[in-house]
Amino acid sequence: MTTIATPGSSQPFPAARFIKEIGRGKNGARSMTRADAHDLYQAMLAGRVSDLELGGIMLAMRIKGESVEEIAGFLDAAEACFAPLAAPAGAYAPIVIPSYNGARKMANLTALLALLLARAGAPVLVHGVDSDPGRVTTAEVFRALGLRAANDHAEAEAELAQGRPAFIGVDALAPPLARLLALRRVLGVRNSTHTLVKIMQPFAGPALRLVSYTHPEYLEMLGEYFTTAAPRERGDAFLMRGTEGETVANANKAQQIDWFHGGARTVLVEKQGIVQTLPELPAERDAATTAAWIASVLRGDTPVPASIAEQVAQCLRAAANLRAA
């Protein structure tokens, strides 16, 4: 396995004492402190943990589940492993949209959300994966719309300065995190990094993070993280159940959106009930069809789904409030 070294931290990191605590099964395992979780994950990112121990850690955490302190420590290390981005000046704080799932059953409309926000004047950064077998990714929809991914931080910042949504792959944004994400193909299961990339904040200053979850236990854990453990100077977060894992509102049935601001939690959008009339959506879920439909929405030929229009309005309101603070 290729290792990633960082200055002053090339020595192997003995992880057995951590594995001994977290590897005792779902009921017998004990959680790490925030400081220990930071040190362990920092060593994992730096390539200082052996392959055998790395696999053991990932599988142990998969079985045990992350505590709030552990996810906080992991995220502290994750956000320190790459240079932060600079946001352009303006009326809105930057809006961060992670895109790591794509879509299997319905059209992936994350690109529409990003384009509507950017058209309204907000700096929008979308980060994620380029492709995922069996799924249509946001990167593929952006390409079908004629928007290329940024190759590095400077290109992403240039796109933001021009008022366009910037898409950057995780391999260009944060190579050490991309390396740990790629271990899914080796182990066959996701690891804690898949949660971290959905909640990280890549900007130097405050930003609005759009965060989604797929399993109920993550609603509880992330809700507690954003109210008790997230550094308030990093900005705000919206939390909602993912649309096939993506952070765009479901066009057919809007999810509840919770806003985390200054340690407080507010319900911004209530969960939608049964929809009598479904909106007009792409006929197929492939990238080309989705991109053509998004283009028709941006031209005004097709209406914006009500749930996405509401999400855009709430994002702009929170981002403006954050910038004015």
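## Pockets

For sorting lining residues, Ala, Val, Leu, Ile, Met, Phe, Trp, Tyr, Cys and Pro count as nonpolar, Asp, Glu, Lys and Arg as charged, and the others, Gly among them, as polar. This is a predicted model, where local features need pLDDT of at least 70 and side-chain atom pairs count only at pLDDT 80 or more, while totals for chains, interfaces and linings use all residues. Residues are numbered from 1 along each chain as its sequence is written, and side-chain values use heavy atoms, with hydrogens and water left out.

On a 1 Å grid over the protein atoms alone, a pocket is an open set of points with protein on both sides within 12 Å along at least five of seven lines, and lining residues have an atom within 4 Å of a point. The largest pocket holds about 760 Å³ of space, a volume being the space filled by probe spheres set on the points, which are joined across faces, edges and corners. Its lining has 26 residues, with Glu66, Thr195, His215, Glu217 and Tyr218 nearest the centre. By class that lining splits into seven nonpolar, 10 polar and nine charged.

## Cores and a covered helix

Now for the packing. A nonpolar core is a set of buried Ala, Val, Leu, Ile, Met, Phe, Trp, Tyr and Cys residues joined through side-chain atoms within 4.5 Å, and buried means under 20% relative accessible area (1.4 Å probe, protein chains only). The largest one has 59 residues, and Tyr41, Met44, Leu177, Tyr225 and Phe226 have the most contacts inside it. Helix 5 (residues 68-79) supplies the largest share of this core, seven residues. Apart from it lies another core of 41 residues, including Phe238 and Ile308.

Helix 12 (residues 192-199) is mostly covered, with eight of its eight residues buried. Lys198 and His194 are among them.

## Cavities

A cavity is a set of grid points where a 1.4 Å probe fits but cannot get out. The whole structure has five of 30 Å³ or more. About 80 Å³ lies in the largest, whose lining includes Arg209, Phe226 and Asp236. Strand 5 gives the most to that lining, three residues.

How values were computed. Buried means under 20% relative accessible area, exposed over 50%, partly exposed in between (1.4 Å probe, protein chains only). Helices (H or I, at least four residues) and strands (E, at least two) are DSSP runs, numbered from the N terminus.
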